[in-house]
Amino acid sequence: MSDKLIQIQINGKEYEVPEGSTILEACRKAGWHVPTLCHHDDLTIAGICRICVVEVEGWRTLQAACATPVAPNMKIHTYSDKVRLARRNILELMLADHYGECYSCLRNQKCELQKLAYEYGIDEYYFGHKTERKWKVDESSYSVVRDKDKCIQCNRCIRTCEGIQTVGIFDKVFKGHDCTVDTFWNHPMRETICINCGQCINRCPTAALKEKNETDLVWEAIADPTKTVVIQTAPAPRSAIGEEFGLPPGVCVTKKLNTALRAIGFDKVLDTNFTADLTIMEEGTELLMRLKKALTGEDCIKNATLPMITSCSPGWVKFCEHFFPEQLDHLSTCKSPQQMFGALIKTYVAEKMNVEPKNIVSVALMPCTAKKFECNRPEMHDSGFKDVDFGLTTREMGQMIRETGIKILDLPESDFDNPIGHGSGAGMIFGATGGVMEAALRTAYELVTGRPVPFKDLDIVPVRGMDGVREAEVKLENVKPEWSFLEGVTAKFAVAHGTGNARVLLDQIKEGKSPYHFIEIMACPGGCLGGGGMPIPTNLEVRKARAKAIYAEDHAMDIRKSHENKLVMELYKDFLGEPLGHKSHKLLHTHYTPRGKKAVDPKGSV
Amino acid sequence: MSTPSILTNLTKGEAYKKAMAMGADAVIKELQASELRGRGGAGFPTGLKWKFTREAAGDKKFVVCNADEGELGTFKDRKLLLEHAHKMFEGMAIAAYVLGAKDAYLYLRWEYHFMKADIEKAMAEMHALCPEVHFHLNFGGGAYVCGEESALIESIEGKRGEPRNKPPYPVTSGLFECPTIINNVETFCCIPHILLEGAAGFASVGTPKSKGPKLFSISGDVKKPGVYEFPMGISLRRVLAAVEAEDTQFVLVGGSGGRIACAEKCLDRNLSFEDLPPGGSIIVLGKKRNLISALRSVMDFFVEESCGQCVPCREGCYRMLHFVEKMEKGEKVSRKELDRFLELGTTMQTSSKCGLGQSASNVFVSMLDYFEKEMVKIQN
Ligand SMILES: Cc1cc2nc3c(=O)[nH]c(=O)nc-3n(C[C@H](O)[C@H](O)[C@H](O)COP(=O)(O)O)c2cc1C
Ligand code: SF4
Ligand code: SF4
Ligand code: SF4
Ligand code: SF4
Ligand code: FES
């Protein structure tokens with residue numbers, strides 16, 4: 001879009017709009033609503049549902065507003081008779097081929113197709129209606145459920161998976177009326193190289209894609225008197241679950257949520273930020289050891305591959321396993337905060353609570369659908385049990401709360417439970433892209449120099465924001481004697497979110513041209529706050545609002561550096577020993593599976 | 001001045017030489033003077049298309065020849081490919097010269113695989129005469145929609161043959177997003193004739209807005225089916241007489257997406273861009289033909305051949321086919337229902353993404369226009 005303005009007319013009124021904008025953009029700017037379905041602000045233009053058609057004077061056919069650029073003196077009509085007839089017909093055609101059963105549908109009242117049917121007052125199926133399923137619901141994946149009978153072929157999932165994530169699970173197959181959106185050879189999702197990020201779910205206008213719903217299993221556990229049900233909550237869901245109850249994006253309801261979770265019947269409510277802090281201790285130490293070995297040759301750690309890359313985003317990890325199997329040594333061996341927590345709940349916390357680990361059901365409230373897959377990885381049994389039993393998404397938790405009738409927004413606030421119930425602001429910002437990097441720097445810099453990071457209010461602004469790839473560097477000077485090998489080193493960092501952006505950094509590594517020491521990668525655009533399990537809709541505005549809320553919470557915290565979390569230090573003293581120590585190694589670290597383009601690896605792990 | 005024809009013999013390479021001598025701008029001027037309009041269906045003025053593409057910004061430009069000939073009842077390009085392929089390649093080479101393009105692609109329909117050896121020979125011959133131009137041969141996969149220029153371009157690029165959003169048009173963003181001239185086989189074959197024989201001669205036949213000779217593929221209930229060359233603007237009556245049509249009920253002009261002309265009312269209409277669009281396909285149906293089953297075959301074709309991208313076409317064709325099947329079975333149809341499907345026909349025309357969907361309801365709408373009484377019993 002250029003800065004040049006051109007004159008156009010919409011519904012008889014004059015407007016000046018930037019040259020190169022689409023009719024849709026121009027109409028939105030001028031305050032005229034044009035319905036859309038295949039269009040999504042995050043995605044490339046498709047122009048295929050045709051619901052957005054408008055009339056342009058002098059043109060033979062109606063034009064798709066989302067796909068047509070404005071031209072000087074264009075006279076646009078957004079709701080003429082011709083337009084309304086076309087839109088009604090298009091909707092009726094969609095409904096004719098749609099297995100509509102709204103009251104038993106997960107997207108009831110949050111469905112874009114349903115909303116349009118309401119907008120156009122559809123009260124009859126002009127062209128018929130699909131009342132019988134044609135396809136089986138694909139529930140094979142731990143994370144993503146596909147219900148093809150609800151698919152309206154808007155291609156949003158294709159453009160998400162291919163365009164944003166560069167994974168490419170879906171494509172169109174066949175032509176004519178046989179055309180569908182499918183996986184390769186219609187393989188079940190579990191047998192594809194899907195990374196479980198759930199980004200396609202967030203952008204699907206209907207219930208054709210949804211998370212694997214595990215709320216019933218959690219309700220069952222809560223009802224079972226022999227079980228102690230422990231839940232940990234991650235920062236991103238806390239910044240967004242309010243949206244499920246009508247709040248605008250960007251309002252954290254952390255402490256009300258604590259109260260609601262207890263009311264639902266969870267026995268303990270813990271804070272994932274705690275293990276985020278623990279991750280920083282482990283990962284920060286790991287980074288320093290890798291640097292030490294690389295710079296001094298001292299054999300202080302087995303794997304000294306640089307740059308080191310974060311490993312807390314399970315979608316990213318699986319992406320790396322599939323697309324960059326030779327680069328897996330770059331991944332930190334640290335488990336994600338969710339899984340560190342899981343391993344501690346069934347060991348340390350169990351001991352403290354005096355409950356047998358086998359009687360603990362460990363639930364994680366996460367922004368993420370990949371967390372469901374992660375907790376089912378066969379290696380995630382280091383406590384001797386399945387470390388995390390269920391990963392629930394923000395949306396599923398919204399559903400659980402709705403079902404109870406609990407008015408979460410009116411509840412009093414309450415704190416997390418102990419013994420590991422307190423996290424720092426550094427842990428909090430794990431929820432936003434760049435957050436892990438920022439948290440790690442706050443700790444590592446101070447560890448090495450004895451001084452806080454040289455940024456105002458500890459806010460490391462260069463790693464924040466929503467650009468796809470961001471970088472920063474810090475010169476290390478006047479370091480403490482034990483880190484003398486780092487004196488004068490300019491440490492270089494990069495951050496990427498969305499696996500399409502990650503690919504850029506990984507290609508660089510592959511070519512041996514990566515200038516960085518440490519890289520943070522999150523599979524989802526915006527980081528966890530844009531996770532595949534977060535409230536729908538998503539777009540840049542929503543993600544920015546959530547990020548703002550998360551950074552505000554960080555500022556409000558009493559401690560904002562992971563190494564100042566006293567409970568973490570106690571845990572080391574009491575139980576773990578030291579970062580990268582023997583027990584840490586067993587409980588908090590993991591290994592990866594080079595998968596390549598194979599969906600199922602030979603060892604049977606999926 | 002003799003009647004212009006594009007089926008007469010020309011010396012290979014002469015037109016290309018002449019084009020180089022004239023210079024690119026003069027070539028375009030000559031094409032504009034000939035008033036040649038695209039022979040692939042839409043009838044866009046060829047000189048203007050070349051001018052736009054020449055003027056479009058971009059270092060790299062391409063030439064593409066559309067030989068997908070998938071329209072129901074068309075086989076006129078087949079004749080040109082078999083007997084005059086060198087003229088087509090020469091036309092492409094001249095287009096490449098005008099653009100300063102190095103590469104020219106021939107997109108040949110899958111079913112014409114049998115010509116491969118001859119085409120490659122003609123291609124090599126022409127390359128020898130105009131070594132600056134590299135010719136490439138691409139085969140379609142058999143989808144009708146790949147004849148639509150932007151779907152064809154996607155197909156050459158190795159993607160699913162789905163029409164693109166327009167604008168941008170190929171003249172500014174075509175093959176590999178570079179400015180591209182894409183023309184029909186017959187259009188390219190006209191070029192050497194115009195350059196060697198003069199624009200005035202070419203434009204000496206036709207109607208005010210449709211000039212020159214035109215090939216027609218004529219089939220159906222006629223004694224002498226085949227490819228005919230007539231001047232633009234010829235009346236339907238004369239065409240039917242030439243092919244010895246028998247007991248004509250109606251004529252489908254322009255293939256599956258064309259319109260029907262009923263014998264009772266339309267014999268004096270003429271084939272031109274002003275009247276009955278001279279796409280190339282003329283199918284004559286005699287009085288013994290069942291109207292509804294003819295319509296059903298057309299709808300069957302579209303249900304199969306829609307690329308499936310957009311809703312009005314993918315779903316619209318399908319629902320329309322079901323409605324036609326209902327008519328075929330003689331089931332009860334109410335006025336309201338029929339009107340809704342006629343409305344749907346309009347929506348498909350106004351709102352589909354490409355020319356396929358925009359024309360898919362034409363036959364339905366125009367047949368019911370002429371023959372409603374014969375085709376449906378309205379029971380309210
Ligand atoms: C569905 C569809 C099929 C088409 N098939 C052909 C074809 O087989 N051959 C052709 O030359 N043009 C075909 N066209 C027209 C092309 O899109 C394009 O207008 C033409 O190739 C331009 O060349 P011209 O200007 O020389 O006619 C088709 C258009 C549509 C919408
Ligand atoms: S996807 Fe939407 S329209 Fe379809 S059944 Fe569900 S709520 Fe209704
Ligand atoms: S979950 Fe992610 S990787 Fe899997 S299909 Fe959806 S977008 Fe693609
Ligand atoms: S699965 Fe959803 S996003 Fe994908 S094409 Fe179908 S409706 Fe659109
Ligand atoms: S009109 Fe038909 S062929 Fe054209 S893009 Fe739409 S679905 Fe595809
Ligand atoms: S929203 Fe414009 S065509 Fe779908």
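By class, the shell around ligand 5 comprises 7 nonpolar, 5 polar and 1 charged residues, where Ala, Val, Leu, Ile, Met, Phe, Trp, Tyr, Cys and Pro count as nonpolar, Asp, Glu, Lys and Arg as charged, and the others, Gly among them, as polar. In total 13 residues surround the ligand, the closest being B:Cys307, B:Cys310, B:Cys313, B:Cys354 and B:Gly357, with a residue taken as near if one of its heavy atoms lies within 4 Å. The model is predicted, so that local features need pLDDT of at least 70 and side-chain atom pairs pLDDT 80 or more, whereas totals for chains, interfaces and linings use all residues. Residues are numbered from 1 along each chain as its sequence is written, chains are lettered from A and ligands numbered from 1 in the order in which they are written, and side-chain values use heavy atoms, without hydrogens and water.

Chain B contains an open sheet of 5 strands in the order 8-7-11-9-10, with mixed pairing; strands are DSSP runs (E, at least two residues) numbered from the N terminus, and two of them pair if DSSP finds at least two bridges between them. Strand 8 (226-231) and strand 10 (259-262) of chain B form the edges, each pairing on one side only. Strand 7 (residues 213-220) of chain B is joined to strand 8 of chain B by 6 bridges and runs antiparallel to it, with B:Phe216 standing opposite B:Tyr228.

Between the chains, 32 residues of chain B are in contact (heavy atoms within 4.5 Å) with 35 residues of chain A.

Technical notes:
Helix = DSSP H or I, 4+ residues; strand = E, 2+ residues; numbered from the N terminus.
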